[in-house]
Amino acid sequence: MERRLISSGGPYEEKIGYSRAVVCDGWVFVAGSTGADPETGEMPEGVVEQCRNTLETIRRALAEAGASLDDVVRVNYVLPVAADFEPCWPVLAEAFGKARPAAMMIEAGLISPAMKIEIEVTARLP
């Protein structure tokens with residue numbers, strides 16, 4: 001059984017003890033990722049920009065695993081404010097329009113009040 005851990009170097013990975021992604025038996029499981037800028041670590045105020053940053057973090061983890069957003073088969077969205085989901089739809093449609101993964105969205109609090117969206121995906125290696 002192949003099992004490989006991928007880290008993005010985010011501050012919570014070591015504090016909590018998890019990996020950004022785990023590659024196992026042809027699958028890529030990407031942990032819930034939030035909207036901090038992957039380059040600077042800064043959290044933008046707007047949900048749409050956070051959504052873009054989150055997808056970039058996920059895209060990078062998938063690329064390191066040998067996959068892409070087009071290989072995503074399942075996506076889970078968590079937002080503290082359900083009304084913030086619709087403004088993200090165009091960004092999400094662009095990211096997942098080809099893969100069309102099974103999806104769900106729940107309204108729940110996140111670890112920091114500054115976070116407006118968290119996205120978790122599962123992908124199959126091509």
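Mentor: Gladly; here is a walk along helix α2 and what lies around it. Keep in mind that this is a predicted model. Helix α2 covers residues 47-65, which makes 19 residues. From its first C-alpha to its last it reaches 27 Å, close to the 27 Å expected at 1.5 Å a residue. Just after the helix comes G66, which takes a positive phi of about 100°.

Let's start with the buried side. Among the buried residues of α2 are V47, C51, L55, I58 and L62. Their cover includes the strands β1, β2, β3, β4 and β6, along with helix α3.

Now for the charged residues. E56 forms a salt bridge with R59, with the closest N and O atoms 2.6 Å apart, and another with R60, at 2.9 Å. R59 lies three residues from E56 in the helix, while R60 and E56 are four residues apart, so about one helical turn separates them. In general, an α-helix has 3.6 residues a turn, so residues three or four places apart point the same way. E56 counts as partly exposed because its relative accessibility is 24%; R59, at 37%, is also partly exposed, and so is R60, at 33%. Shared partners extend the picture: salt bridges join E39, E56, R59 and R60 into one network.

Finally, look at the largest pocket, with a volume of about 580 Å³. Helix α2 is one of the elements that give two or more residues to its lining, together with α1 and β3. The lining has 28 residues, and S8, G10, P11, R20 and T34 lie nearest the pocket's centre.

Technical notes. Residues are numbered from 1 along each chain as its sequence is written. This is a predicted model: local features need pLDDT of at least 70, side-chain atom pairs count only at pLDDT 80 or more; totals for chains, interfaces and linings use all residues. Side-chain values use heavy atoms; hydrogens and water are left out. The expected span of a helix is 1.5 Å times one less than its number of residues. Buried means under 20% relative accessible area, exposed over 50%, partly exposed in between (1.4 Å probe, protein chains only). Contact means heavy atoms within 4.5 Å. On a 1 Å grid over the protein atoms alone, a cavity is a set of points where a 1.4 Å probe fits but cannot get out, and a pocket is an open set with protein on both sides within 12 Å along at least five of seven lines; lining residues have an atom within 4 Å of a point. Grid points are joined across faces, edges and corners, and a volume is the space filled by probe spheres set on the points. A salt bridge is a side-chain nitrogen of Lys or Arg within 4 Å of a carboxyl oxygen of Asp or Glu.
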